[in-house]
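This report covers symmetry, strand packing, salt bridges and annotated positions. The sequence and the coordinates are shown next.

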Number of protein chains: 2
Amino acid sequence: MKTIAVEPGSGEPAILEKPSPVPADGEALVRTLRVGVDGTDHEVIAGEHGGVPEGEDHLVLGHEAVGVVEDANGTALEEGQIVVPTVRRPPNGSNRYFESGYPDMAPEGEYHERGIVGAHGFMAEYFTSPAEYLVPIPAELAPLGFLVEPITISEKAIEHAVASRSAFDWQPESAMVLGNGSLGLLTVAMLAKTLEFDRTYCLGRRDRPDPTIDIVESLGATYVDSRETPVSEVPEAYEGMDFIYEATGYAPHAFETIEALAPNGVGALLGVPSSWTFEIDGGALHEEFVLHNKALVGSVNANRGHFEAAIDTLTQLPSSFLNDLVTGIYDVEAFEAAFVDDDTTIKTAVEFDRI
Amino acid sequence: MKTIAVEPGSGEPAILEKPSPVPADGEALVRTLRVGVDGTDHEVIAGEHGGVPEGEDHLVLGHEAVGVVEDANGTALEEGQIVVPTVRRPPNGSNRYFESGYPDMAPEGEYHERGIVGAHGFMAEYFTSPAEYLVPIPAELAPLGFLVEPITISEKAIEHAVASRSAFDWQPESAMVLGNGSLGLLTVAMLAKTLEFDRTYCLGRRDRPDPTIDIVESLGATYVDSRETPVSEVPEAYEGMDFIYEATGYAPHAFETIEALAPNGVGALLGVPSSWTFEIDGGALHEEFVLHNKALVGSVNANRGHFEAAIDTLTQLPSSFLNDLVTGIYDVEAFEAAFVDDDTTIKTAVEFDRI
């Protein structure tokens, strides 16, 4: 079967023929429909993040998949059922994070991530998975099922942020997303359309006309150009934000978020930058944290509960938004187009098969 | 009546005779028993924090009080009842933070703090207060009732920290308190004796022999000398901490806490430093935040629920610990001794009257 894989050091994905997998006991065989591409894939391809499975010289890419059960193999799944796979797998049998249903909270060494680190991904005509890691979705969501996994990332981050404010009667009204990539835009849509934020903002650094700015504004959100309004000046220029979602990976934003929050606000940090030393007014930030009861939560990955929430969210997002967000679906033979990262590309997927 | 007050710029407290207060409707008159002294008092005296009530040239000090109801004045309180006053008061009638029971979440401008900013404190032979801000405590706690308010600070911080970890099955085992002042020691005692932490640590910078180190060790906690083990090296030297409570006000600690936390850990920030610019590896800290699901929560003040929890906590703390913690109770005439801040002083209070 055809897979899309990367060899370390090659810096680019390529088609790789591999034998079709055979499901083990407890596993189902899934025929892949579509697999999304995101920033993590680009980081994996560039060798900045992740790693190949032990003993292998390549990594099959892809962690945002939707497929159809081809062989239920005696599991509780049904053949023909549409499923989205979760991403993390236990490296050696299992561990308490997986057993308790919180693989997303496992520390390094206690998980593999399919298509990212230690385990092959889903960019293949077929993949196998233990049935417990395959989340059924309604058949009508199949075409956009590859958006479930990125939505889970925000479901988790928002859940943790809200939890951090649960010791008082938090009444958030304003929210800002830092970053106008596909994850940022999905999150703006969630905040504006499925959650109860009265005023939403999205910060980027693009010139108009720009399709992401158009999407931000079509969602009723305000576009903020970080070249004109640095994050730290957001309260003065707009308002202090009750919630900030950082999806830029630009390290100063993690700390400027403290200043941009309204009193009692919370920032969710999602980006994964590299080492970078810079100056901050740590005294002022520390004081601001304390005297205004602010919080920051880091968040990575997601668990099955977040997949179930994301499926529900996907049904609620406006179809016009989803149409604008997905800028290209490409056949396996034209897969390179799905990995182009330019200003007209927002969200792409590779199509392996149709239902 | 005698009060202990400070005039801005004087840099030291003094006895000030003032007329005894008369309770307004809804207020009770309280005869003051004891009022504790803490770091905030020293900051207020030094002019680094807080401010006098509008139109006044002095501030009566004291926010850690215990008293006895002298005149219930038609409120639901009973004369002779022992009470601890909460600290925050609404500046103009009321506002939503007070109405909802969360005055501790009010931003600047929406609160006064008695004895700190905008309202006179409790270091007076008598004070009045709306009955709703007087929390009854058992009579046998009266001698140590001045410890209730500092305990509330930790009740709130711990509640918010735990809330931030409530979206998964957090199972904390290790906790470190940064700072071995009286608040730090009270918190070590809470973590070791009333909460379920298996291993507790307290970080300071004192040479042995030292009474605070003795207290730390008598609580079964490990003393960590920050001159030998910087906060960032705690995981290597001891272990990553599931919970860190920062009570130093030393701004670098707020950021080093991110490194010292175990995966999925949370740091509560309590200190109130001044502006201070320094370098951090913001990229590494940001990445650590995200990939290990860490959280930081700032926390200030406390609400009535925390006072009720603190009263319960006070009954559970070992009396030997409390005896060691309180190094001096001084009559009003000898009040200066309660404000001495040296290595043999841990927690002091001024005694205005006995039951």
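Does Thr40(A) count as buried, partly exposed or exposed? At 21% relative accessibility, Thr40(A) counts as partly exposed; buried means under 20% relative accessible area, exposed over 50%, and partly exposed in between, with a 1.4 Å probe and protein chains only.

This is a predicted model, in which local features need pLDDT of at least 70, side-chain atom pairs count only at pLDDT 80 or more, and totals for chains, interfaces and linings use all residues. Residues are numbered from 1 along each chain as its sequence is written, chains are lettered from A and ligands numbered from 1 in the order in which they are written, and side-chain values use heavy atoms, with hydrogens and water left out.

**Annotated positions**

Under "binding site", an unreviewed UniProt entry lists Thr40(A), Glu113(A), Glu149(A) and Asn301(A). They are spread over 262 residues of sequence but cluster in space, with a largest C-alpha distance of 12.6 Å. UniProt positions follow the numbering used here, feature names are shortened, and annotations may be inferred rather than shown by experiment.

Thr40(A) sits in helix α1 (residues 39-45) of chain A. Helices (H or I, at least four residues) and strands (E, at least two) are DSSP runs, numbered from the N terminus. Leaving aside neighbours within four places in sequence, Thr40(A) is in contact (heavy atoms within 4.5 Å) with His49(A), His63(A) and Ile116(A). Glu149(A) belongs to helix α3 of chain A and is buried, with a relative accessible area of 5%. Not counting residues up to four places away in sequence, Glu149(A) touches His63(A), Glu64(A), Val87(A) and Phe307(A).

The unreviewed UniProt entry also annotates residues 143-352 of chain A as "domain: Glucose dehydrogenase C-terminal". Over that range the chain is 39% helix and 24% strand, and the end C-alpha atoms are 12 Å apart.

**Salt bridges**

Over all chains, 34 salt bridges are found, each a side-chain nitrogen of Lys or Arg within 4 Å of a carboxyl oxygen of Asp or Glu. Three of them are tabulated, including their separation in sequence.

| Pair | N to O distance | Separation in sequence |
|---|---|---|
| Lys156(A) and Asp104(A) | 3.1 Å | 52 residues |
| Arg31(B) and Glu70(B) | 3.0 Å | 39 residues |
| Arg206(B) and Asp343(B) | 3.7 Å | 137 residues |

Lys156(A) and Asp104(A) are both buried. Arg31(B) is buried at 15% relative accessibility, whereas Glu70(B) is partly exposed at 36%. Arg206(B) is buried, with a relative accessible area of 17%. In chain A, salt bridges that share partners join Arg31(A), Glu70(A) and Asp353(A) into one network.

**Strand β6 of chain B**

Strand β6 (residues 82-85) of chain B is covered on both faces: Ile82(B) and Val84(B) on one side, and Val83(B) and Pro85(B) on the other, are all buried. Strand β5 (residues 64-71) runs antiparallel to β6(B), joined by two bridges; strands pair if DSSP finds at least two bridges between them. Gly67(B) has Val83(B) as its bridge partner. Strand β11 (residues 134-136) of chain B is also antiparallel to β6(B), through three bridges, and Val84(B) stands opposite Val135(B).

**Symmetry**

Chain A superposes on chain B by a rotation of 180 degrees with 0.0 Å of shift along its axis (RMSD 0.0 Å). This is the relation of a two-fold axis. The C-alpha of chain A nearest the axis is that of Ser164(A), 1.8 Å from it. The superposition uses least squares on the C-alpha atoms of residues with pLDDT of at least 70 in both copies. The copies meet through the same surface, because 100% of the interface residues of chain A are also interface residues in chain B.
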